Amino acid sequence: MSRPRIDPRAARASHLVSTAGALRPRLDLGRTGPVSPTGRPRRDPRREMAVSRVSSDGRPRFDRSHQGSFEGLAPSNKTVVSPAPAAPKLRIVAEPAFLVFAIMEAPGGRLTRFDRQLLGAAHRLVGSSGEGAVAAIAFSPIADLGTAGADRSLIVEADGASASGRARLLRGLVESFAPRHVLFAEEGESADLARRLSVSMGEPILTDVEHLGPRQAIRATKGRMAEEVGEPPRLMTLGEDRAAPYGGETCGARTLAFSEEAAPIESDDAILSDEFIPGDPARLTLSETDFVVSAGNGVTDFDHFRKLAAALKGTPGASRVVCDAGLMPREAQVGASGTVLAGDCYLALGIAGAPQHLQGIAACEHVIAVNTDLHAAMIERAGLSIIQDAQLVMPALLKLLEERGS
Amino acid sequence: MKTVVLVSGARHPVSRRPALTRLEAQAASLAAKLGGTVRGLHAGPSDDQLREALGHGLGEADWLEIEDRVDPVPALIDHLKAAAPDIVIAGRRGEGTGDTGLVPYALAEALDMPIIADVVGVSPGAGSGTVSIEQALKKGARRRLVVQLPVLVTIHPLAPPPSPFAFAAARRGTIRHERIEATGLPTAKPSPFVERPYRARPKMMRQAGAGQAGEKAVLVGPTPEEAAERILAFLEDNGIRRYSA
Ligand SMILES: Cc1cc2nc3c(=O)[nH]c(=O)nc-3n(C[C@H](O)[C@H](O)[C@H](O)COP(=O)(O)OP(=O)(O)OC[C@H]3O[C@@H](n4cnc5c(N)ncnc54)[C@H](O)[C@@H]3O)c2cc1C
Ligand SMILES: Nc1ncnc2c1ncn2[C@@H]1O[C@H](COP(=O)(O)O)[C@@H](O)[C@H]1O
C-alpha cells in the first residue's frame with residue numbers, strides 16, 4: 001500500500017496567514033487547510049480540546065471521555081453552563097423486601113472508617129434496585145447514620161451489657177426481623193459477638209471476608225494457602241479495608257420499631273465485677289493510640305512540647321530529624337522507618353511533611369499542622385493549618401487548657 | 001486450679017511445617033505463670049505442636065489422635081467434660097488450619113462455660129473460685145473482669161510475650177497419647193463453601209484524609225491565642241478529645 005507523500009511546504013503554505021508587511025510569517029495551525037494529500041479528514045486537536053472543555057472559567061477542566069465525532073461542532077469559544085447544584089436526593093426504601101444488618105461499633109457515638117466500610121459492603125449486598133434496606137444496629141446512639149448509608153437504624157441502649165448479654169439481644173433481633181445478612185467487623189467486640197451469635201444459632205459464618213459481592217463472598221483459610229468461596233451466607237465478618245464506604249445519596253435512616261420483650265437485656269451471672277480502664281495515652285505505643293501530638297525540626301522548646309502532649313491527652317511522637325538528634329526516643333518516630341499510625345488524629349508541630357513522614361500518617365483522618373512555612377507539604381495534607389511559630393502556639397495552648405481546667 | 005491450654009494443629013506460614021502459633025505460645029506461658037496444674041490439649045493427627053508448647057512452660061499434655069479430616073471439636077468436648085478444668089486458654093484465631101476462631105466458642109457453648117475474648121492477663125481472684133481477667137479493648141483501653149470459675153478465655157496478641165523455648169523442657173515434658181477412632185465421631189460438617197487455591201487480594205488503599213468532612217482551613221499568622229482556640233475547637237468538634245472540665 002502506498003500513500004501519497006505529504007508535501008510539508010504545501011501544508012505549511014496552507015496555514016500561512018497573510019499579514020502584509022509583517023517581519024515574520026504568521027501561521028494559523030488551527031485552520032484546516034484544504035491540503036490533505038491522503039484525502040482523509042484531518043483532526044483538529046484544538047477544536048477537540050475546546051469541545052471537551054467543561055468549565056469555561058478559572059482553571060480549565062477537560063472531559064476526555066467524549067467519544068463522538070468532532071465534525072461540525074460548535075465554535076471553540078462556546079461557554080458550557082454548568083447546571084445549578086440540585087438539592088441532595090434522599091434514598092427512601094418504604095417497604096423493604098429484605099433487610100441487611102450492619103453491626104456498628106461507633107465508639108463515642110461516631111462512626112469509624114470501618115463502620116462506614118461495613119455500611120458500604122451492606123449496600124453491595126442490597127443492590128441498587130431499591131428492594132432491600134440496610135439497617136444499622138448499634139448499642140449506643142450514633143450521629144450521621146443517613147449519610148453513611150443506613151436506610152434503617154436500630155439503637156438498642158445496651159452499653160452496660162456483657163458480651164453474652166449482647167449476643168442474646170442480637171439473637172432476639174435476628175429472629176424477629178429475619179435479616180438476609182448480618183455483617184460484623186472482624187475486630188474487637190464485633191468479632192466476638194459474631195462468633196457468639198454463630199454458635200448460639202448454629203448458623204455457619206464466614207469470618208474475615210476479603211471479597212464481598214452480591215453473589216460471592218471469599219475468605220482466606222489454611223494460613224492463606226487456600227480460600228473459601230461461596231454465596232454470601234447469613235452471618236459474615238468483614239476484614240478491615242476490604243470494602244469501599246457508601247458514597248451514594250443520603251439514606252433515610254428511619255428507626256426500626258422493636259419491642260423490648262423480643263430482646264431483653266440480661267446480665268451475665270458468671271461475671272462478678274467489671275471495671276473499664278481507659279488507655280493512658282502517655283504510655284500507649286504509637287501503633288495503638290488514636291491521637292498523636294508530634295514534634296518536628298521546627299520545635300526547639302521540648303519542655304513545653306512534652307507538657308502539651310500530656311495536657312492534650314495525646315501520645316507524643318516526633319519526626320526522624322528529632323529522633324536522630326536524640327531529643328525524643330526512637331520509639332516515638334513516626335513515618336516509613338518509624339511507626340505507621342493507625343490513629344484518627346495527628347497534630348504536627350513544625351514538621352515539613354517529607355514523603356517518608358507522610359507515609360506514616362496516611363491513615364489519619366484528621367491532621368492539624370502548625371508550621372511557619374505556608375508551602376510545607378504538611379499544610380497541604382492538613383485539615384487545619386496554622387501558619388505560626390510553634391514556640392508561641394504551644395504555650396498558648398497550654399494556657400488555654402489550664403483555663404479550661406483539664 | 002486446673003488449667004488446660006488448647007493447642008491447634010497450626011502450620012508455619014512459610015515452611016508449612018507443624019508449628020505452635022505465637023498466640024498459643026503466649027497462652028502456654030500465661031498458664032505456666034498462673035500456677036496450679038497446667039496441661040496442654042490437642043486433637044489432631046500429630047503431636048509436634050504440643051511438643052513445642054511443652055518447651056514454652058507446659059509440664060504435661062494430652063494428645064487426642066484423630067484423623068486429619070475429622071472435626072476435633074467433639075473429641076475436645078468429651079475430653080474437657082471428663083477433665084473438668086477451671087480455666088481453658090485458647091488462641092483467638094488459628095493459623096494454617098480453619099483460621100475461623102470458632103473452636104473456642106463451640107467448646108464454650110457445648111460445655112456451658114462463659115467465654116471471655118481477647119484476654120491479655122489472667123491472675124487468681126480475691127475470692128475462692130474466682131479469677132481476675134484483663135481484657136484488651138480498642139485504643140489501649142482495658143477491662144478488668146472478676147469471673148466465677150470455670151471460664152474459657154482466648155488470648156489477644158498484646159498479651160505478655162511468650163517465654164523463650166527451652167529444648168530440655170520440651171524433651172522432659174510428657175504427652176499422654178489417646179487414639180480416638182473415627183467411628184462414632186461425626187466427620188467435619190460439609191461446608192457450604194468451595195475451597196480453591198488462594199489468590200492475594202490487596203486491601204483498599206487508605207487515602208489521605210478520606211472521610212474528612214468539611215473544608216480545609218488555613219490560618220495565616222493568627223495570634224497564638226486564636227490559633228490555640230482553633231486547635232482545641234477542631235479537636236472537640238471532631239470528637240477526638242473533650243477538654244472542658
Ligand atoms: C530512607 C529514609 C527514611 C526516612 N524515614 C523517615 C521517617 O520514618 N520519619 C520521618 O519523620 N522522617 C523520615 N525520613 C526523613 C525525612 O525525609 C525528613 O528529613 C524528615 O521527616 C524531616 O523532618 P522535619 O519535618 O521534622 O524537619 P525539616 O524538614 O527540617 O522541617 C522543619 C519544618 O518546621 C518548620 N519550622 C521551622 N521553624 C518553625 C517554628 N518556629 N515554628 C513552626 N514551624 C517551624 C519549617 O518550616 C519546616 O517545614 C527518612 C528519610 C530517608 C532518606
Ligand atoms: N484441634 C485442636 N485441638 C485443640 N485446640 C484447638 C484445635 N483447633 C483449634 N484449637 C484452639 O482454638 C483456637 C482457635 O482455633 P480456630 O478456631 O481453628 O481458629 C486455637 O488457637 C486453639 O487454641
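How many bridges join β5(B) to strand β6 (residues 130-136) of chain B? There are five, and the two strands run antiparallel. Strands pair if DSSP finds at least two bridges between them; strands (E, at least two residues) and helices (H or I, at least four) are DSSP runs numbered from the N terminus.

This is a predicted model, in which local features need pLDDT of at least 70 and side-chain atom pairs count only at pLDDT 80 or more, while totals for chains, interfaces and linings use all residues. Residues are numbered from 1 along each chain as its sequence is written, chains are lettered from A and ligands numbered from 1 in the order in which they are written, and side-chain values use heavy atoms, leaving out hydrogens and water.

Because eight of its ten residues are buried, β5 (residues 115-124) of chain B is largely enclosed by the rest of the structure. Buried means under 20% relative accessible area, exposed over 50%, and partly exposed in between (1.4 Å probe, protein chains only).

The largest nonpolar core has 38 residues, and Phe291(A), Leu349(A) and Ile231(B) are among those with the most contacts inside it. Such a core is a set of buried Ala, Val, Leu, Ile, Met, Phe, Trp, Tyr and Cys residues joined through side-chain atoms within 4.5 Å. Its largest share, eight residues, comes from α11(A).
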